[in-house]
Amino acid sequence: SELYQDYSFDTPQQKEDYKTIVKFWKDKGYNNYAVAGIVGNLDHESGNTFDYKMKQGDGGLGRGIAQMETGYNKNGTPKMRLRYESWLKTSKQEDSLLGQLNYIHGAIEDSLGFNELGSGNAKKLREGLKNVQSVKEATIMMQNIFFNPGKPNSDRRIELSNRVYKE
């Protein structure tokens, strides 16, 4: 199976970022189904740009390839983007495509030094992605456990993930 086939890119940078993201997850040992499910979700979240500087439209709080929300929850706890920024300082990394990928991977591996997803969810996602047997399964798993979106748009996420994975 090929992971670059069915994509057209608007800019050379977008193509470069896409290849970087695919290589990142392949290098971490994920199978092609898992890679496709992760990348399709990131494609959807970033508005088909793969731009780590992406800001959510309509004044929304999402930032970056995963549209991590900035600000605080009603109970005063920081949202994911603020936890990410704090982690960047602690881990001496800069905000970048690789920084965001490392954070997402760390959340899945539960290796950030705190439970980004909750230990049970991280374990479920980690084990699920390692054993996943279809693009749809990987896509829905990432969508529901990592992103947990208000409006899932599952069909679009699956469509984008299928573009990544072509047998």
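This report walks through the fold, the core and a few individual residues of the chain shown above.

## Before we start

What you're looking at is a predicted model, where local features need pLDDT of at least 70, side-chain atom pairs count only at pLDDT 80 or more, and totals for chains, interfaces and linings use all residues. Residues are numbered from 1 along each chain as its sequence is written, and side-chain values use heavy atoms, with hydrogens and water left out.

## The overall fold

Let's start with the parts list: the chain has seven helices and two strands. Here, helices (H or I, at least four residues) and strands (E, at least two) are DSSP runs, numbered from the N terminus. Reading from the N terminus, the order is α-α-β-β-α-α-α-α-α. The radius of gyration is 15 Å, close to the 15 Å that the globule rule gives for 167 residues, so the chain is as compact as a globular protein of that length. That radius is taken over C-alpha atoms, and the globule rule is 2.2 Å times the number of residues to the power 0.38. Along its principal axes, the C-alpha trace spans about 45 × 35 × 30 Å.

How much of the chain is buried? Buried residues account for 44% of the 167 residues. To be clear on the words, buried means under 20% relative accessible area, exposed means over 50%, and partly exposed is in between (1.4 Å probe, protein chains only). Next come contacts, meaning heavy atoms within 4.5 Å. Of the contacts with a separation of 6 or more, 49% are between residues 24 or more positions apart.

## Surface and charge

The chain exposes about 8700 Å², and carbon and sulfur atoms supply 45% of that. Accessible areas like this one come from the Shrake-Rupley method with a 1.4 Å probe; for residues, only the protein chains shown count as cover.

Now for the charges: there are 24 positive and 22 negative ones, and their mean positions are 4 Å apart. Lys and Arg count as positive and Asp and Glu as negative, while His and the chain ends are not counted. Each charge is placed at NZ of Lys, CZ of Arg, CG of Asp or CD of Glu.

## The nonpolar core

A nonpolar core is a set of buried Ala, Val, Leu, Ile, Met, Phe, Trp, Tyr and Cys residues joined through side-chain atoms within 4.5 Å. The largest one here has 41 residues, and Trp25, Leu42, Leu129 and Phe146 touch the most other members. Helices H1 (12–27), H2, H3 (80–90), H4 (97–109), H5 (119–131) and H6 (135–147) are the elements that give two or more residues to this core. H6 gives the most, with seven residues.

Take Leu42 as an example. Setting aside neighbours within four places in sequence, Leu42 is in contact with Ile21, Trp25, Phe50, Ile65, Ala66, Leu101, Ile104 and Phe147.

## A closer look at helix H6

Ala138 is found in H6 and counts as buried, at 0% relative accessibility. Apart from residues up to four places away in sequence, Ala138 touches Tyr33, Ala34, Gly37, Leu129 and Val132. Gln143 also has its place in H6 and is buried, with a relative accessible area of 2%. Beyond its neighbours within four places in sequence, Gln143 contacts Asn41, Asn148, Pro149, Pro152, Ser154 and Arg157.

Is Ile140 buried, exposed or partly exposed? Ile140, which lies in H6, is partly exposed at 23% relative accessible area. Ile140 and Gly37 are 103 residues apart in sequence, yet 7.6 Å apart in space, C-alpha to C-alpha. Not counting residues up to four places away in sequence, Ile140 touches Ser154 and Ile158.

## Two loop residues with positive phi

Most residues other than glycine have a negative phi. Asp58 isn't a glycine, but its phi is positive, about 60°. Asp58 sits in the loop between helix H2 (32–45) and strand E1 (62–63), and at 88% relative accessibility it counts as exposed.

Gln67 has a positive phi too, about 50°, although it is not a glycine. Gln67 is in the loop between E1 and strand E2 (68–69), and this residue is buried, with a relative accessible area of 11%.
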